Amino acid sequence: MRGYGKVILFGEHAVVYGYPALAAGLSQGIACHVTDERLPCFTLDVPQWKLVLPPDDPSPLGEALRIILRGLPPKEDGRRLIITPEVPSRAGLGSSAALIVSIIRALLDWHNLHWPLEKINELAFQAECAFHGTPSGLDNTVATFGGLCYLSDRDRYPCPFSPTRTFLLKKFTAALLPGLPEAVSFVIINTKKDRETKALVAKVRALIEQKPEYYHGLMAKIGAFAAQGYSCLQQKNYQKFGEMMNRNHQYLRELGVSSPELERLVEVTLASGALGAKLTGAGGGGCLLAFGPGKETDIVHACHQAGFETFIAEIH
Ligand code: PMV
């Protein structure tokens, strides 16, 4: 059972001020399997991270597991939950939400319960609070539903498309958008440079306070890419989509949230055939997203040569 990872295709940072953003669930995420082994309580085992989590573990992950178990019917004995991460953690790809959703779905399956996705999303939001204190609700929504999601302050920027569902999140409204005519692939490259979303958001806020008119103008331009980008994917206008990624990255650079590693990767990916490349998430490190339909193998090879890890993710 899987929870989806996520990328922000357009609009990070601008969305903090209510401007639109476009996020997408990845085909990869985190998978969870419940074993038959009977244990006195539930234990989490993540072989890839060399992590075995005892039931009373005080970490955020331990707390998240307890929140999940409290939300499900009680059982007399426990099981081992084997976790398989398919996306890197702490890289802006929504791994904590994907992990939470995978555990909920695996346990529901084990209990033989069929919950609507909305109910899974609600419990996932509660468990996400153990990790992030006050999460926006975006990551758990995309981890649960997958697909494409248009986020905005709906009063100022209503969704211009006909969403399949909408959710009122903490700061904005998430509108789930109809799927694409064909799946598109992105190369995701991990700089492995640690960064903190909170510090980067504060850095951008300081800039805006200095020159509000200029930076709000920039944010409005970034926000406009969300709707245009989705239309391009629907129309299979990949050239224009790539150009918009490059322009969005330039604006993010102006906001001071790129990094030398990200800039190096922009050069490497564009030189090896990508139509567009941009940071995804808060920036300052984390991951770069490169888009080059048909050129994925060349892009991956060039990034490996430059010493970076990559994976290819599909968006539907
Ligand atoms: O890197 P992440 O996945 O934490 O994404 C942060 C996105 C921001 O727009 C910078 C902040 C936010 O709350 O939307």
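**A note on the ligand site**

1. In this model a polar side-chain atom of K6 lies 2.8 Å from an oxygen atom of the ligand, a polar contact being a pair of N or O atoms within 3.5 Å. The model is predicted, with local features needing pLDDT of at least 70 and side-chain atom pairs counting only at pLDDT 80 or more, while totals for chains, interfaces and linings use all residues. Residues are numbered from 1 along each chain as its sequence is written, and side-chain values use heavy atoms, with hydrogens and water left out.

2. T197 also brings a polar side-chain atom to 2.8 Å from a ligand oxygen. For H13, a backbone N or O atom lies 2.9 Å from an oxygen atom of the ligand. Taken alone, the ligand exposes 380 Å², and the protein buries 84% of that (Shrake-Rupley areas, 1.4 Å probe).

3. Around the ligand there are 13 residues, and K6, H13, R195, T197 and A282 come nearest (near: a heavy atom within 4 Å). By type, this shell has five nonpolar, four polar and four charged residues.

4. The ligand sits in the largest pocket, with more than half of its atoms within 2 Å of the grid points. A pocket here is an open set of points on a 1 Å grid over the protein atoms alone, where a 1.4 Å probe fits, with protein on both sides within 12 Å along at least five of seven lines; lining residues have an atom within 4 Å of a point.

5. About 1400 Å³ of space lies in the largest pocket. Its lining has 41 residues, of which H132, D139, R195, T197 and K198 are the closest to the centre.

Key: Polar contact = N/O pair within 3.5 Å; in protein donor to acceptor, adjacent residues only side chain to side chain. Nonpolar A, V, L, I, M, F, W, Y, C, P; charged D, E, K, R; others polar. Points joined across faces, edges and corners; volume = space filled by probe spheres on them.
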